[in-house]
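Visitor: I have a model open and would like to learn how to read it. Can we go feature by feature?

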Protein chains: 2
Amino acid sequence: MRVITTIHEMQNEIKTQKSLSKSVGFVPTMGFLHEGHLTLLKKARLENDIVVLSIFVNPLQFGPAEDFSTYPRDFNRDKSLAECEGVDFLFYPSVEEMYHHSSSVRVVVQERTDVLCGKSRPGHFDGVATVLTKLFNIVLPTKAYFGIKDAQQVAVVEGLITDFNFPIELIAVDIVREEDGLAKSSRNVNLLPEERRQAAVIYKSLIAAKAAIEGGERDPQVIKSLVSAMITSGFKGQIDYVEVYSYPQLKDLAKLDGTCIIAAAVKFSKVRLIDNIILEVSQEIGGAK
Amino acid sequence: MRVITTIHEMQNEIKTQKSLSKSVGFVPTMGFLHEGHLTLLKKARLENDIVVLSIFVNPLQFGPAEDFSTYPRDFNRDKSLAECEGVDFLFYPSVEEMYHHSSSVRVVVQERTDVLCGKSRPGHFDGVATVLTKLFNIVLPTKAYFGIKDAQQVAVVEGLITDFNFPIELIAVDIVREEDGLAKSSRNVNLLPEERRQAAVIYKSLIAAKAAIEGGERDPQVIKSLVSAMITSGFKGQIDYVEVYSYPQLKDLAKLDGTCIIAAAVKFSKVRLIDNIILEVSQEIGGAK
């Protein structure tokens, strides 16, 4: 594995690989790798000739009240993990390298951002889309890998790739779950033992919603009430949101139809967890799959 | 020459060409080709294996009071000219094809726009940068060609390519001039005969400014006064602006230093003409080249 810190060197290397007709799988991250990232890397390794991992804590996507300077970093650990996963190139530029002078252009995301977690993070997805535009142009991936756990980020990236016509296939990778269904997250260790047991109800409520849709329910309000009721009966955690939208457009629906997302965020004593399921809903009863 | 109207087909064709390691020269236009465009095509033809011309009247770059619907179009004539210049692919998408649904992302140009012609066209360069981001991703050019006559557009494109790390070489092509120095333009035919004779003074004033700089003058105000005085003494046309900036940053300068642009816009009875020269100014006297 080669660690590359300059844009120029990364672009030269990719040019060489492309001239050899190699496919390039790309996993962009902010480092401090966890099991979710490793799942993306394993999939990228299976599906491409070359795997590029980027580690860049992107200041543009942090709000003024957010923790850019204290965001966790552990490059040596990340490097070892990347090596174990068979990464070919670890792109690790400095902030200075990526934004060496004031930038004359930026990407503005004008849809899909004012819902779910984005509602409380104005400008966050502009920063994400801007850095991804740069990274896509530097790495020229054939396929780019993102975890569907952050379904809103995947929706924004889908819009970025489609609407700017990047010749990139977006691979949204399924949520990895514990045996009881809880979505894996490095934050789960911050749950108290009792909360850990209760937290499984989040996914169970999403599965119950899916069953209701399969049974013919098409009213988003009913689905939201069902999920909220199940979560609050299971424990004393505080619901941040339970939402139902079209996917990836993230638009309100009068009636479930087509690809839909049911997403929940729940606050525990020391940690906030998110989860979601995405379903194809047909107009016929029993049409969810 | 093949005319291609869909993004999908254009991307597939480029993929094939790239797999054969062909270099791609790209000339993006809004059609109604004139001699300036043909100069770009000739240069692209000389320097690349494959030449792509795009013709797309981009609604995003027209303001509400501007003439999108009446912008001149003559596809059959353009097609013949493109064929004569040895274009390989003429990319000619519809507005529907380029903006098939409301776009979730756009590019905002946050520098270089509030001066020169951009001052009176808010949002114009956002539209230019957005459509070029799409076109660059569709055509994946090795080199992209723009006329330096629209020096502000070239400055914006330079920022777009540099700051978003597009792996594209920007080729700014020199202004083609009439024998008396007047910059060639399809608008020159709208000059009255007397105005046509007078119009040569615009370039003569820029050359005089260059001579003054070579003689040691470094004060932008003095240069602007010199150009304005020469233009207004030569005829009764109305100066729209005479400006001196750093290039391509288009920032005000306390003192000429480094790459600088001297740009002028002049209104005649039926037409407004622009012209510019770009110079390398060193701190030593006689350092302009």
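Visitor: Is Leu250(A) buried or exposed?

Guide: This is a predicted model. A residue counts as buried if 20 or more other C-beta atoms lie within 10 Å of its own. Leu250(A) has 23 within that distance, so it is buried.

Visitor: Where is Leu250(A) found?

Guide: Leu250(A) sits in the loop between strand E8 (238–246) and strand E9 (258–267) of chain A.

Visitor: Which residues does Leu250(A) touch, not counting residues up to four places away in sequence?

Guide: Its contacts are Arg112(A), Val115(A), Gln152(A), Ala155(A) and Tyr245(A). Gly31(A) is 219 residues from Leu250(A) along the chain, and their C-alpha atoms are separated by 28 Å.

Visitor: What does the domain assignment of chain A give?

Guide: Domain 1 covers 2–173, and domain 2 covers 186–281. The C-alpha centres of these two domains of chain A lie 27 Å apart. The contact takes 13 residues from domain 1 of chain A and 14 residues from domain 2 of chain A.

Visitor: Which strands do bridges join to E6(A)?

Guide: Strand E2 (residues 24–29) of chain A is joined to E6(A) by 2 bridges, and the two run parallel. Gly25(A) has Lys143(A) as its bridge partner in E6(A). Strand E7 (residues 169–173) of chain A also runs parallel to E6(A), with 5 bridges. There, Tyr145(A) stands opposite Ile171(A).

Visitor: What unit do E6(A), helix H6 and E7(A) make?

Guide: With helix H6 (residues 151–163) of chain A, E6(A) and E7(A) form a β-α-β unit, and this unit is right-handed.

Visitor: How should I approach a nonpolar core?

Guide: In soluble globular proteins, nonpolar side chains tend to be buried together. Here, the largest nonpolar core has 158 residues. Val139(A) and Val139(B) touch the most other members. Beyond its neighbours within four places in sequence, Val139(B) is in contact with residues including Met10(B), Phe26(B), Val52(B) and Phe91(B).

Visitor: Last, the two chains. What rotation superposes chain A on chain B?

Guide: Two copies of a chain are related by a rotation about an axis and a shift along it. Here the rotation is 180°, with 0.0 Å of shift and an RMSD of 0.0 Å. The copies are thus related as by a two-fold rotation axis. In chain A, the C-alpha nearest the axis belongs to Val107(A), 2.3 Å from it.

Visitor: Why do the copies meet through the same surface?

Guide: Because 100% of the interface residues of chain A are also interface residues in chain B.

Conventions
Residues numbered from 1 in each chain as written. Chains lettered and ligands numbered in written order. Predicted model: local features only at pLDDT ≥ 70, side-chain atom pairs only at ≥ 80, totals over all residues. Least-squares fit on C-alpha atoms with pLDDT ≥ 70 in both. Contact = placed C-beta atoms within 7 Å. Pairing = 2+ DSSP bridges. Helix = DSSP H or I, 4+ residues; strand = E, 2+ residues; numbered from the N terminus. Right-handed = clockwise from strand over helix to strand, strands pointing away. Core = buried A, V, L, I, M, F, W, Y, C linked by C-beta atoms within 7 Å. Buried ≥ 20, exposed ≤ 12 C-beta atoms within 10 Å, placed from the backbone. Domains from an automatic or database assignment.
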